[in-house]
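Here is a short report for a first look at this structure.

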Amino acid sequence: MADGTGAPPRTADVGIAGGIITEIGQKLARGRREVDADGALVTPGFVDIHTHYDGQASWDERLLPSAWHGVTTVVMGNCGVGFAPATSGHRQRLIDLMEGIEDIPGTALHAGLSWDWETFDDYLGALTARPHDIDFATQVPHAALRVHVMGERALAGEPATPEDVAEMAALTRAGVEAGALGFSTSRTLNHRSVTGELTPTYDAGVAELTGIAAELGAAGQGVLQIVADFLDVEADMEVILAMARASGRPLSVSLVQFPVRPLAYREVLAGLDAANKAGLAVRAQVAARAIGLLMGLQCTLHPFMTNPVWQSISGLPAAEQALRMRDPAFKAAVLEAQTGEKNRNLIGGRLINKYELMYELTDPPRYEPDPADSIAARAARNGRAGIDLAYDIVAAEGGQGALYVVSGNYVSGDLSVVREMLVHDWTLPGLSDGGAHVGTICDASFPTTLLAHWARDRADGRLPVEFVVQRQARDTARAVGLADRGVLATGYRADVNVIDFARLGLRQPEMRFDLPGGGRRLLQRADGYLHTFVQGEETYAEGEPTGALTGRLVRGAQPAPA
Ligand SMILES: [Zn+2]
């Protein structure tokens with residue numbers, strides 16, 4: 001058992017009653033139900049603090065794919081996007097933002113969202129209407145808040161007036177007092193609505209951000225979450241530190257190594273060291289893998305999406321596209337017409353022709369591929385062009401073939417930067433974006449990568465299993481104020497994984513068309529999670545749902561057991 005505290009693994013029995021861990025020790029008295037975990041790895045349920053299930057939680061009792069990866073609590077409402085507060089006139093705007101920023105099909109959001117709420121409190125009420133497979137918690141999203149308070153002025157990127165700021169601050173406080181864990185905002189150029197406009201929070205001024213942050217400070221509760229580009233580390237750090245100072249509340253910010261400024265992440269890490277030394281609780285959320293993209297005929301992106309010849313078959317189902325693509329004359333025409341044009345409006349759209357960053361997606365997937373296996377390198381060895389090989393791969397398997405493109409965190413051609421970030425004092429595992437980017441990624445599997453890749457498979461620089469469990473359970477839970485979980489000890493929540501550690505692994509992501517209205521999403525399963533318990537009830541056995549739905553909306557910070 002790795003108990004979440006970072007203590008070396010030990011053998012022990014775990015006693016559970018009433019949804020709480022009642023006892024840990026040797027040879028406990030027999031219980032109503034016993035699970036033989038001999039030889040298995042027992043961990044606290046994982047806590048994923050960076051997801052986007054804001055829509056899904058309102059229509060689906062299952063928060064997949066996270067629930068397949070040992071995750072028993074998710075925090076949503078990240079990056080400033082969400083669906084409350086919202087009056088009826090702004091619903092379309094919020095859907096456009098979620099579709100553009102998080103790549104969740106607008107048709108699915110239209111079909112799935114019931115919109116039987118206006119205030120944040122109403123929204124929480126709607127979320128509690130159905131039981132779920134895992135616990136979930138919300139944050140007040142800045143973009144929704146800004147549009148709610150400022151209307152068209154928010155979308156036009158206008159600065160907030162002092163009255164706007166006061167109203168946003170009051171609504172944020174009301175949201176947190178109703179049960180949100182905090183407030184989130186976005187300052188990244190990557191975040192655009194489906195019609196191409198920058199997210200309404202991009203230009204929010206420091207006075208606006210500190211005004212809202214200060215209100216959380218006055219309330220004495222809530223955390224802050226930010227996504228920033230760090231194109232100008234100093235400027236972004238200044239804003240972040242101003243928010244931390246104004247609020248005195250814990251803050252976390254996304255951190256990725258971007259190829260344009262490959263060493264900027266070290267400046268950010270140094271900034272975190274200095275901030276924490278100065279008494280500010282500022283952390284970076286970091287990824288367990290490269291920030292990559294999946295490309296294929298059914299995905300949002302692929303190398304031929306802007307190709308005029310290929311576009312003649314763009315309306316066909318993938319299987320028929322694949323059939324047409326087997327025609328050598330069609331292939332020749334596509335390759336001839338390929339201009340290398342990018343798709344600038346979509347996140348990752350600049351990468352669709354980057355064959356040196358592209359790999360064939362294998363089964364099981366390899367998330368730390370050797371640059372010698374890139375599409376460009378493989379093609380060159382056979383005297384072909386990268387596009388030629390990429391074409392054959394996406395057209396294979398009836399149009400199900402896929403490419404894995406690595407962009408962030410992979411400048412060195414391996415995951416050494418990820419390791420450096422993961423072991424830093426002031427970082428947390430995050431950025432899985434569970435429930436979002438459903439046509440381009442499936443990073444809700446980060447917790448499985450953390451365990452299987454980092455604590456078992458990686459030959460060089462393997463991390464102790466107790467360390468990664470502590471980070472993904474206790475540390476993430478505490479960072480958002482949930483001190484009642486993430487540890488296997490008496491009095492803590494009985495959220496528990498029983499894992500066949502030797503067999504733990506990821507399957508290939510696959511496209512499903514099971515969102516409301518038939519919308520598509522990439523899902524990815526794992527092997528090796530023998531049993532997952534939420535509040536003491538087994539919710540998944542070997543990845544199959546047991547029928548128990550003991551997950552609930554978590555309202556507000558939770559104290560540690562006495
Ligand atoms: Zn996000």
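Phe 83 touches Asp 54, Gly 55, Leu 94, Ile 95, Met 98, Leu 109, Leu 113, Trp 115 and Trp 117, leaving aside residues up to four places away in sequence. Contact means heavy atoms within 4.5 Å.

The model is predicted: local features need pLDDT of at least 70, side-chain atom pairs count only at pLDDT 80 or more, and totals for chains, interfaces and linings use all residues. Residues are numbered from 1 along each chain as its sequence is written, and side-chain values use heavy atoms, without hydrogens and water.

The largest nonpolar core has 123 residues. Phe 83 is among those with the most contacts inside it. Such a core is a set of buried Ala, Val, Leu, Ile, Met, Phe, Trp, Tyr and Cys residues joined through side-chain atoms within 4.5 Å. Buried means under 20% relative accessible area (1.4 Å probe, protein chains only).

Cys 79 and Asp 433 are both buried.

An open sheet of 5 strands runs E3-E16-E21-E22-E23, with antiparallel pairing. Strands (E, at least two residues) are DSSP runs, numbered from the N terminus. Two strands pair if DSSP finds at least two bridges between them. Strands E16 (residues 496-499) and E21 (residues 529-534) pair over 4 bridges. There, Ile 499 has Tyr 529 as its bridge partner.

Notes: Buried < 20%, exposed > 50% of the residue type's maximum accessible area, 1.4 Å probe, protein only.
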